[in-house]
Amino acid sequence: FHLFASHPRQSLLYNLLDLTQSARAQTVVLGLSNALDCTEQLEKRVRSRFSGRSIMFMNPSCHENSTLILRAALTIPSKALE
């Protein structure tokens, strides 16, 4: 994610994040980075579209813990799908 955020033209990120704003589009943009300041590098117009949820965690004890954290955050409860 930070490679896209540090790019001088952030049109791809803008268009992806703009797409998620549409009520008809059921999309998610998942950006992973080890840079803590990657959202600060976003252009103003991209940052305005980046109103989603950010999950930050530092040095997970193992890969399995990272997977559990991400899976829990990205899982839609079955009741919400009814």
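Because the model is predicted, local features need pLDDT of at least 70 and side-chain atom pairs count only at pLDDT 80 or more, whereas totals for chains, interfaces and linings use all residues. Residues are numbered from 1 along each chain as its sequence is written, and side-chain values use heavy atoms, with hydrogens and water left out.

**Overall architecture**

The secondary structure consists of four helices and zero strands, arranged as α-α-α-α when read from the N terminus; helices (H or I, at least four residues) and strands (E, at least two) are DSSP runs, numbered from the N terminus. Of the 82 residues, 13% count as buried, where buried means under 20% relative accessible area, exposed means over 50%, and partly exposed lies in between (1.4 Å probe, protein chains only). The protein exposes about 6,800 Å², of which carbon and sulfur atoms supply 57%; accessible areas come from the Shrake-Rupley method with a 1.4 Å probe, and for residues only the protein chains shown count as cover. Among the contacts with a separation of 6 or more, 60% are accounted for by residues 24 or more positions apart, a contact being heavy atoms within 4.5 Å.

**The buried face of α2**

Helix α2 spans residues 11-20, and in this helix Leu13, Tyr14 and Leu17 are buried. Seen down the axis of α2, the buried residues fall within an arc of 100 degrees, so they line one face of the helix; the arc is that of the directions from the helix axis to the C-beta atoms. The cover over these buried residues includes α1 (2-5) and α3 (44-49).

**Salt bridges**

The structure holds two salt bridges, each defined as a side-chain nitrogen of Lys or Arg within 4 Å of a carboxyl oxygen of Asp or Glu. In one of them, the side chains of Arg49 and Asp18 meet at 2.8 Å, N to O. Arg49 lies in helix α3 and Asp18 in helix α2, so the pair ties together parts that are 31 residues apart in sequence. In the other, Glu43 pairs with Arg45 at 2.7 Å, N to O. The table gives the accessibility of the residues involved.

| Residue | Relative accessible area | Class |
|---|---|---|
| Arg49 | 26% | partly exposed |
| Asp18 | 31% | partly exposed |
| Glu43 | 22% | partly exposed |
| Arg45 | 32% | partly exposed |
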